[in-house]
Amino acid sequence: MPPSSTLADFQRAFAAALLGEATSPAAQALAMQPGFAVYRNTVLCGCIDALAANYPTVATLVGAEWFEAAAGRFARAHLPRDGSLAVYGKGFAEFLEALEPESGLAYLGGVARLDRAWTEAHVAADAPVLTAASLAAMSPARLLDATLVPHPATRWASSPELPIFTIWRRHREQAPLDAELEWHGEGGLLTRPGAVVVWRALDAGAATFLDECARGRPFGVAVERAFPAGPEAGIATWLPALVAAGAFTRQEGPSP
Amino acid sequence: MHALTAGLSLKAEHYQEALVCPAPGLWFEVHAENYMVAGGPRLAWLEAIRAAHPLSLHGVSLSLAGADRPDPTTLAGLAALVGRIEPTLVSEHLAWSRHGPNYLPDLLPFPRSAEALVTICAHVAQVQDALGRTIALENPSHYLAIAGHEWSEIEFLAEIARRTGCGLLLDINNVHVSARNTGLSAEGYVDAFPADRVVEVHLAGHRADPVHGERLLIDSHDAPVAAPVWALFERFVERAGTRPTLIERDAELPPFAELLAERDQAHERLAAVVAAS
């Protein structure tokens, strides 16, 4: 594109006016026309609608008015980079965490991370699921040195202090919202073993184990690091549950 | 006659009914970007629909009228989807929607200059090369008076089609909306549109602006096709014959049966033209 391009100049002025920075005379002339608001609204609503679709639990928790205001602020600061808005909004959870003084909801960021987990799991690549049978076929010695590779659709999120998974799943499952909440840390695991995304609670030990697997650590190392994190349930409980949920796609190494 | 008569834009809420719908001549169109994902149920649904019905991919983010070349990731994603789905039609817009690294989710206007013509033709050619097929280019809705046009929109589209071999998508609701907003004759536009290049027609609903009323119409796709748009469609079909015609609906989604009834209205009109010829 030549630096003297009038097409590029026009688009620079137009984009500036869209985002409320109509400083040049050309941009001001455009922005003064009544029809310019149609473009402004369409661009902003397109971003807000995509965020509402990708963070539906957050949208329900805070209500339409608060959500639109927060999503609008996020969108102005972080416009989409990709024409596919199916995963627009990376970083929205952290943005909401920073807004906690305004929302008054300490768990909003954690719930947003679970919404994000669902959205990413839904559109992740297809891949086979590692079965309990193929894991059982390995000798204990080989298993210790093997790496379990998380399935492309496997996502997890935890909070050390807040019941984010219970809050999230009550909305997703349209369960009664007024039941008593136990205020302690929780995690959730989302997987896509078949046609749909499914979820289950994830204890802190299992979450650490998944973190270590995702870093490519061998099974033996991942188990060792998981133990201090979650004394509440042993590996004998959560490893079969992770495998049954389809959390892994395959094991790698060591050579037989 | 075309195997395709009237089609419907397809939304996730209607997958099951769409999949088994036996209406003659029926086809579906989706926004390509909604399916430019790595995997999962969305793509599986689309493949199931494609196995049962003809399918059209309608792109909204290639930004063909942008000063910058089409985003390589978006173009590669579209090429992969086209390869996987083998759509009957592929279309995009005479508009831009990218600025620097950002995607602005709308179809934005520009001055139709000699420079823009050369730029857009290069982008259309690049896309057609990447896809290994021709695409159709749609006339957008207009809301502004823009200074610096050197071409009328019709002459501009016809010239792009001549230089690149691309087809044209005539959106008759956009014609109505733009004519009202910018003070042109919608009938004159439809009469002058190069019919021999038209491979698809769009019909959709619009809405009056909440502040400015009927003086500013918005291409909202959230209502049934309006009477003046049906009349323009009649006018085009009488002159040019039948084309695959889409009822576009993106918001305020009614039940599938209601959309299908609107589609049947277009289907019957097209079938009557064929019967009379």
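This is a predicted model: local features need pLDDT of at least 70, side-chain atom pairs count only at pLDDT 80 or more; totals for chains, interfaces and linings use all residues.
**Entry 1: E159(B)**

I started with a rule: a residue is buried if 20 or more other C-beta atoms lie within 10 Å of its own, exposed if 12 or fewer, and partly exposed in between.

E159(B) sits in helix α5 of chain B, which covers residues 153–164. I also checked E159(B) against C121(B): they are 38 residues apart along the chain, and their C-alpha atoms are separated by 9.0 Å.

**Entry 2: helix α9 of chain B**

Next I checked the length of α9(B), residues 256–276. At 1.5 Å a residue, its 21 residues should span 30 Å, and the end C-alpha atoms are 30 Å apart, so the two agree.

Which residues of α9(B) are buried? I wrote down L259(B), L260(B), R263(B), A266(B), H267(B) and L270(B). Looking down the axis of α9(B), I saw these buried residues fall within an arc of 125 degrees, so they line one face of the helix. A reminder to myself: an α-helix has 3.6 residues a turn, so residues three or four places apart point the same way.

On the other side of α9(B) I listed the exposed residues A257(B), E258(B), E268(B), A272(B), A275(B) and A276(B). Then I asked what covers the buried residues of α9(B). The cover includes β1 (6–9), β9 (198–204), α8 (227–240) and β12 (245–248), which belong to chain B.

**Entry 3: α6 against α8 in chain B**

I turned to α8(B) and its packing with α6(B), residues 172–182. Their axes are 9 Å apart and the angle is about 120 degrees. That makes α6(B) oblique to α8(B). I noted the crossing as right-handed.

Which residues meet here? From α6(B) I have I172(B), N173(B), V175(B) and H176(B); from α8(B) I have P228(B), V229(B), L232(B), F233(B) and F236(B).

F236(B) has 24 C-beta neighbours inside 10 Å, so F236(B) counts as buried. Leaving out residues up to four places away in sequence, F236(B) touches L170(B), I172(B) and V190(B). I also looked at A192(B): F236(B) and A192(B) are 44 residues apart in sequence, and 9.8 Å apart in space, C-alpha to C-alpha.

**Entry 4: α3 against α4 in chain B**

Another helix pair: α3(B) and α4(B) have axes that come within 9 Å and cross at roughly 40 degrees. I put them down as oblique to each other, because angles under 35 degrees count as roughly parallel. α3(B) passes α4(B) in a right-handed crossing. On the α3(B) side I found L75(B), L78(B), A79(B) and V82(B), which meet V127(B), A130(B) and L131(B) of α4(B).

**Entry 5: where chain B touches chain A**

How many residues does each chain bring to the contact? I have 39 residues from chain B and 37 residues from chain A. On the side of chain B that touches chain A, at least two residues each come from α2 (41–52), α3 (72–85), β5 (96–99), β6 (102–108), α4 (114–131) and β11 (213–218). β6(B) gives the most to this side, with six residues.

Buried residues in α3(A) include V38(A), Y39(A), C47(A), L51(A) and N54(A). Their cover comes from both chains: it includes α1 (6–18), α5 (64–77), α6 (92–98) and α8 (108–123) of chain A, together with β6 and β11 of chain B.

**Entry 6: two positive phi values**

Phi of E86(B) is positive, near 50 degrees. E86(B) lies in the loop between α3 and β4 (89–93) of chain B. With 11 C-beta neighbours inside 10 Å, E86(B) counts as exposed.

H221(B) has a positive phi too, near 55 degrees. I found H221(B) in the loop between β11 and α8 of chain B. H221(B) has 18 other C-beta atoms within 10 Å, so I marked H221(B) as partly exposed.

Notes: Residues are numbered from 1 along each chain as its sequence is written. Chains are lettered from A and ligands numbered from 1 in the order in which they are written. Helices (H or I, at least four residues) and strands (E, at least two) are DSSP runs, numbered from the N terminus. The expected span of a helix is 1.5 Å times one less than its number of residues. The arc is that of the directions from the helix axis to the C-beta atoms. Two residues are in contact if their C-beta atoms, placed from the backbone, lie within 7 Å. Axes are lines fitted to C-alpha atoms, for helices over the stretch in contact, and angles run from 0 to 180 degrees between N-to-C directions. Angles under 35 degrees count as roughly parallel, over 145 as roughly antiparallel, 65 to 115 as roughly perpendicular and the rest as oblique. A crossing is left-handed if the near helix is turned anticlockwise from the far one by less than a right angle, and right-handed if clockwise.
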